[in-house]
Amino acid sequence: MTIPPSWSRRRFLGLVPAVSLLAACSTASPTGGGRTLRIGVAAGPSNLNPLDSGSEVTRWIAEPVMETLYDYDERVRSVPLLAAAEPAVSADGLTWTIPLKRGVTFHNGDAFTAEHVVASLDHVAAFASGSEWVVYFLGYYSGARAVDPNTVEIRLKRPYGLLRSHLTNLPITHRAFVDRKDTMMGTGPYRLERVSAGLGYSMTAHRGYHGPSPAYARLEFQIIPDGSTRAVNLRAGSVDIATELPVAALPLLAGQQGVTVHRVDAPIDILTYVKAGDPPFDDPDFRRAVAYAVDRQGVNDKVFGGAAVLGQGPIGPAERGYDPDLRVFPARPDTARARELLRGVTAPSFTLTISAGQVMEDIAQILVQSWARAGITVKLEVLQGGPWAQRWISGAYQMIMNRFSSGFTSGDANYLTLSPAQSTSVLACGYENPSVDTALERVWAIDDQDERDRLLREVNATLTEDAVMFPPVYPKMIVAQRASVSPLDPARMKISRLGTPRLRPEGNAGE
C-alpha cells in the first residue's frame with residue numbers, strides 16, 4: 001500500500017488496525033449480501049429540512065425521500081414527476097397552472113394534493129423561514145392556491161422563466177412538515193425511519209410508491225467525518241458508496257478490484273467574493289491586486305491534488321455560462337502586478353471570513369501566505385455554519401468564502417452564487433454595474449436558454465475582470481463505489497445527485 005504524500009507516518013499507522021478490522025468484518029458479511037445499500041457521507045445536517053437548504057449533506061439524504069414537481073431525465077432535461085404534465089403559462093407569464101399526478105401518497109398514507117405544494121412554496125418564499133430559496137422567490141412570487149386537489153396555480157409579480165428550474169429542484173413536503181427541522185416527509189421511494197444523531201440515517205422502501213419499486217429494502221447513510229476513513233470503509237466493504245473523497249485518500253483505492261472512483265465536473269463552487277461597496281474593496285485596483293496575488297495553482301496542488309480546474313470567475317466548468325478560454329488572472333501569483341496596483345495604498349489589509357472545515361481552512365492558509373508575499377495583510381476569521389451564514393446574509397464581511405453546491409437548487413447553473421453581484425438582491429455585495437443588473441434581471445425573466453447562456457457568459461467575464469468574484473479553483477465531485485452496486489449515473493452526478501433511488505444490486509449481490 002502506498003502512503004499518500006500528504007499523510008504523516010503516524011496517521012497512516014493509525015489506520016492500519018481499522019483496515020484489518022474492517023476487512024475481517026467484510027469477509028464475514030459482505031456488503032450487498034442483503035438488500036441494504038450503505039452510503040458513507042462526511043456529515044449530517046443540523047437541519048434536515050430540504051426546503052431550507054440545498055447543501056449535499058441535506059439533499060443527499062432527502063433525495064430518496066422527497067420528490068419534486070419535475071425531475072431531470074438522462075439528458076438533464078426537465079420532465080414531469082409529481083406534476084402530471086407541462087405547466088400552462090398565461091399570455092402575460094404571470095400565472096402558471098400545473099396539473100398534479102393522481103394516486104400519489106406521502107409516507108404516512110396521506111394523499112399528495114395541491115395544498116401540500118402550496119404549503120411548500122409559501123414556506124420557501126417567506127423571508128422569515130430562513131430558507132436559502134427565498135433569494136429566488138423574493139420579488140417574483142405572489143402566491144399559490146389549490147384550484148382543486150389535483151391542480152395548483154402559481155401567481156407571479158413579474159415574468160419569471162427561471163421558475164421551471166426551481167420547480168425541478170425544489171422538494172415538495174407534507175404541509176404538516178414544512179417547518180420541521182428534525183425529520184422529513186415525502187412521496188419518494190424510501191421513507192425516513194430513524195435518525196441517529198451523529199451516526200447516520202436509516203430508510204426503508206415505501207411499499208406504496210407510485211413509481212417503479214426500489215431495488216433495495218433499506219438505505220443507510222453512515223456519517224464518517226474523515227475522508228480517508230470513508231475510503232478505508234469502502235475498500236473493506238462496510239459501505240457501498242463513499243462521497244466527498246479527498247484526493248489524498250485515493251491511493252487507498254488505487255488498483256482495488258471491484259472499486260470505481262468517479263471524478264466529475266459538478267456545480268461545486270468555492271464561493272469567493274468581496275464587499276465591493278465598502279473599503280478597501282470599493283477600490284477596483286485593490287480588488288485586482290488581491291485577485292492577481294491568489295495562488296490558484298498552489299490551492300489546486302496542495303488541497304486538491306491537481307484534480308481541480310483553476311478558477312477565474314464565479315462560473316465553473318459544470319455550469320451554464322462557463323468559458324474555458326476566459327483567462328484574466330495567472331495560475332501562480334503575479335506579485336509584481338499586485339504591488340503595482342497597490343501603489344499609494346497604505347498598509348493594505350482586510351479580513352477573510354470562511355466557514356469552518358479542513359478544506360476551507362487549508363485553502364485559506366495558502367491564500368493568506370500568497371497575499372502576504374504581495375504585501376497584503378489578511379486576518380482570517382473562521383466561523384461555524386450558522387454564524388457564517390448570518391455574516392453572509394447580513395453583509396457583515398470584507399471578503400467571504402465557502403464551499404457551495406448549486407446543483408440542488410439550480411441544476412447545471414449557479415444562479416444563487418451570482419445574485420450578490422446584482423445591486424437589488426438581498427445578498428447584494430455593494431457592486432454597482434447597470435449592465436450586470438440588466439443581464440441578470442433578464443437571465444431570471446426569460447425562458448430562452450440560449451440567450452440565458454450568452455448573458456451568463458457576459459456576466460461571468462465582467463465579474464472576473466472587475467475582480468468581484470474570483471474563486472481559486474473549481475473542485476470536482478469525487479465519489480467511489482463498489483461493483484456490487486449498479487454504476488452511478490454520470491448525468492445526475494453532473495448536477496450533484498447520487499441517484500440512490502435508482503441504484504440496484506449488481507451480479508449476485510442481491511442473492
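Colleague: Among contacts in the chain between residues at least 6 apart in sequence, what share joins residues at least 24 apart?

Modeller: In this chain 72% of those contacts join residues at least 24 apart, where contact means heavy atoms within 4.5 Å. The model is predicted, so local features need pLDDT of at least 70 and side-chain atom pairs count only at pLDDT 80 or more, whereas totals for chains, interfaces and linings use all residues. Residues are numbered from 1 along each chain as its sequence is written, and side-chain values use heavy atoms, with hydrogens and water left out.

Colleague: What makes the radius of gyration of the chain agree with that of a compact globule?

Modeller: The radius is taken over C-alpha atoms, and the globule rule is 2.2 Å times the number of residues to the power 0.38. For 511 residues a compact globule would come near 24 Å, and the chain has 23 Å, which agrees. Along the principal axes, the C-alpha atoms fill a box of roughly 70 × 65 × 35 Å.

Colleague: Why is Thr113 called buried?

Modeller: Buried means under 20% relative accessible area, exposed means over 50%, and partly exposed lies in between, with a 1.4 Å probe and protein chains only. Thr113 has a relative accessible area of 15% and is therefore buried. The residue sits in the loop between β6 and α3, and, leaving aside neighbours within four places in sequence, Thr113 is in contact with Leu100 and Pro149. Across the chain, 56% of the 511 residues count as buried.

Colleague: Why do β5 and β7 stand at the edges of their sheet?

Modeller: Two strands pair if DSSP finds at least two bridges between them. The open sheet of four strands has the order β5-β6-β8-β7, with antiparallel pairing. β5 (88-89) and β7 (141-148) each have a single partner strand, so one side of each is left without a neighbour in the sheet. Further in, five bridges join β6 (residues 95-99) to β8 (residues 151-156), and the bridge partner of Thr97 in β8 is Glu153.

Colleague: What makes β10 and β14 edge strands in the open sheet of seven?

Modeller: The order there is β10-β11-β12-β1-β13-β21-β14, with mixed pairing. β10 (190-196) and β14 each have a single partner strand, so one side of each lacks a neighbour in the sheet. Helix α6 packs on this sheet, touching β1 (36-41), β13, β14 and β21 (476-482), and its direction makes about 30° with that of β21; such angles run from 0 to 180 degrees between N-to-C directions, with axes fitted to C-alpha atoms, for helices over the stretch in contact.

Colleague: How do you know that β11 is largely enclosed by the rest of the structure?

Modeller: Five of the six residues of β11 are buried, and that is why the strand counts as largely enclosed. On one side, six bridges join β10 to β11 (residues 200-205) in antiparallel fashion, with Arg191 bridged to Thr204 and Arg194 bridged to Ser202.

Colleague: What makes helix α6 mostly covered?

Modeller: Eight of the 10 residues of α6 (residues 227-236) are buried, among them Arg230, Asn233 and Leu234. At the start of α6, a side-chain oxygen of Asp226 reaches to within 3.2 Å of the backbone nitrogen of Ser228, and just after the helix Gly237 takes a positive phi of about 95°.

Colleague: Why are Val76 and Glu244 called partly exposed?

Modeller: Val76 has a relative accessibility of 26% and so counts as partly exposed, and Glu244, with a relative accessible area of 26%, is also partly exposed. Most residues other than glycine have a negative phi, and most peptide bonds are trans. Val76, however, has a positive phi of about 60°, and Glu244 has a positive phi near 50°. Val76 lies in the loop between β3 (70-72) and β4 (78-80), whereas Glu244 is in the loop between β13 (241-242) and β14 (259-265).

Colleague: What is omega in the cis peptide bond that joins Pro279 and Pro280?

Modeller: Omega is about 0° for that bond, and Pro280 is placed in the loop between β15 (268-274) and α7 (284-292).

Note on methods:
Helix = DSSP H or I, 4+ residues; strand = E, 2+ residues; numbered from the N terminus. Polar contact = N/O pair within 3.5 Å; in protein donor to acceptor, adjacent residues only side chain to side chain.
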